[in-house]
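Open the model in your viewer and keep the selection tool at hand. The stops below are meant to be taken in order.

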Amino acid sequence: MSQRTPLAEWHENNRGRMVDFAGWSMPVQYSTIVSEHLGTRKGAGVFDVSHMGRVAIEGSQAAEWLESRLTRQVRDLPVGRARYTLITGVDGTVGKVQLDGTPVILDDALVTRLADKKNGTQRFILVVNASNRQRVVRWLEACLPPEGVTVNDITEESAMIAVQGPRVFGHKKDDAHEGPLRCVFEERILEQLAALPNYGALETQLGGERVLVSRTGYTGEDGVEIILEASQAQGVWQELVEEGGAIPCGLGSRDTLRLEAAMPLYGHELHEKTDPFSAGLGFAVNIDGRDFPGVEEIRTRRGESDRRRIGLVFESRRAARSGDQVMFSKNGMDFVCGEITSGSFSPTCERGIALAVVDRVVLEHECELEVLVRGVRLPVKIVSLPFYRRPRHD
Amino acid sequence: MENSRRYAKSHEWARLEDDGSVTVGISAYAVEALTDLVFMQLPDVGAIVTAGESFGEIESVKAVSDLYAPISGKVVAANTELPSQLETLGSDPYGSGWVIRVQPDSVEQLDSLMNQEAYDTLIGG
C-alpha cells in the first residue's frame, strides 16, 4: 500500500495517472508529459513534491554538527539561504547502523537555514529524496551527539508544492502580482518572495500556520518550492491551479524538465560510489579543512578522476536510456567509453538528449561518439550543459 | 464478422482485408495509455513477422515498447508516413493510423485473437 500525499485525492479526481514512486502514490501526468513540460517552460507549472523527505534539524550546536555530516559547509550558511549538498554516510541499510563502515554517498539534498529561536537554538530543514529518506534519517539519528541536536522527520505532517515557470515571478518588478502566487500570498509577502535571490528562503505565515518558501526548484525555471502544513496543501494547490492558472504537472515532466536543466538525479547521475568530480558535482563538495564521512576518499580523487559528465544530443527523436553504452570507432574497432545516466526525448529540443559519463580521453581526441540504443548505434553530438538555460532579462 | 477487427493481448489489432491481406495497428486504448509518442520503428516491406514476436518499436517520452505481430506472415506494406505523424495513431487508430499490412501464412490464426467484446472486457477489467 503506497503512502498518499495530502494531494493524492485531488490527483485521482483530476485525471492524474497514479503510479507507485519510492513508496508513494504519485501522478506521472494529468494530460501529456510534453504539454505539462512546455506549459512550465512558457507559463507556470505546479508540482506535488510532498514525497520528498523533509527533516528538521535543531539545536544549539546544529550548524556545527550538520557541517560534520554534509559535504558542503554549513556554518557559513546565512539564515534564509539554501545550499545543494551531498550526504555521505556508510554502507549498509538494514539492522543497526555501523558507524565505521565503508563511506558512501547516501543522497543529495538541499539544506536551508532558518532563523535561530530566541534562545539561540539553530534550525535547519534538509530536503532529501523520497527513496533515501528512511536511510538518511536513520543515519543522522545514529550519529547524533549526546545532547544539543535533534533530528525530526516532518515529511508526513507536511506537504511540499513546487511552482515553476517564467510566469511565477515574470521579468519585471511587479510581475509576480500577475502570477499564480498572488492567489496564495498577500501582497506584502509576495513582494518579499519576488525580492528573494536564487536559493533564498523565506519563513512566513499562511493562514496562521508556518510556511517555508524557497526560490529553488528542479526544472531550470524560476519559481518556488513551498513547505507547508499537510492540512493546508489542498487549499493552496487549488488556489494555484484554479485561480492562479498554474498547470498541474506530474513526475513525468518533472523528470524531463530536470534533465534539460542537467540537474542530477540520485540513482542516475550519482549513487553510493559515485566520484563527485567525474559526475560533474565537484561544486557540491567542500573538502579543504573538512571532516565528514568519506572526505579522505573524495580528497584522493580530486584532480585524478578520469571520467567526465557530458551532455549528448541525438539527431532523431529517439532517446537513449540509463545504462545504454557510449561507443566510438577507431581503425575499424569499436570501443565502449562510457554510459548514459539519464536520457529522454526533450520537448524543448524536440530530439533525444542524454547525460552520460565517459572516459576523459575520448573528449581530448574529439572522437565521434555513438550510443547503442536497443541494438542500434545512433550518432550523437556532445553539447555544453545544461541543454536548456532560461532566458535572462536583467 | 469476418472483416471486423481482432485484438492481441498486447493491444495490437488485426483486420482481414478483401484481398486476403491483414492490416495491423495499435488499439486506441494502447495509444491513450502510452501517450507522448515520439518515435516509431517499422519493419521493411518483405520482412517476415511471427505472431507474438516483436516487429517494431514505439517509444514514448517515458518508455520504449515493442510492437508484437498478431499474426505470422510477410510484410507487404508499411505506413511510412506514420513515424513522422504519430498523432495519427491517436486521432485515427483504426484508419489512417494503420501500421503494417501482412500477407498471412494462415488466416485461421486470426481466430485465436480476441473479438471486440473480449477485448473490451480485457481493457475494462
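The tour goes from whole chains to domains, then to a core, a helix and a single residue.

**Before selecting**

This is a predicted model, in which local features need pLDDT of at least 70 and side-chain atom pairs count only at pLDDT 80 or more, while totals for chains, interfaces and linings use all residues. Residues are numbered from 1 along each chain as its sequence is written, and chains are lettered from A and ligands numbered from 1 in the order in which they are written.

For the complex, the predictor gives an ipTM of 0.87 and a pTM of 0.94.

**Stop 1: chain A against chain B**

Select the contact between the two chains: 13 residues come from chain A and eight residues from chain B. Two residues are in contact if their C-beta atoms, placed from the backbone, lie within 7 Å. On chain A, α2 (33–42), α8 (251–260) and β17 (333–346) each supply at least two residues of the side that touches chain B. Helices (H or I, at least four residues) and strands (E, at least two) are DSSP runs, numbered from the N terminus.

**Stop 2: two domains of chain A**

Colour domain 1 (3–47 + 158–260) and domain 2 (306–383) of chain A separately; domain bounds come from an automatic or database domain assignment. The C-alpha centres of these two domains lie 33 Å apart. Where they meet, seven residues of domain 1 are in contact with seven residues of domain 2. On the domain 1 side, α2(A) gives the most, with four residues.

**Stop 3: the largest nonpolar core**

Which residues have the most contacts inside the largest nonpolar core? They are V46(A), L66(A), L126(A), I161(A), V163(A) and A356(A), in a core of 126 residues. A nonpolar core is a set of buried Ala, Val, Leu, Ile, Met, Phe, Trp, Tyr and Cys residues joined through C-beta atoms within 7 Å. Strand β18 (residues 351–359) of chain A gives the most to this core, with six residues. Domain 1 and domain 2 of chain A both give residues to the core, so it lies between them.

Stop 4: A residue is buried if 20 or more other C-beta atoms lie within 10 Å of its own, exposed if 12 or fewer, and partly exposed in between, with C-beta atoms placed from the backbone. Just after the helix, G245(A) takes a positive phi of about 75°.

**Stop 5: V19(A)**

Finish at V19(A), in strand β2 (residues 18–21) of chain A. V19(A) is partly exposed, with 15 other C-beta atoms within 10 Å. Leaving aside neighbours within four places in sequence, V19(A) is in contact with M26(A) and V28(A).
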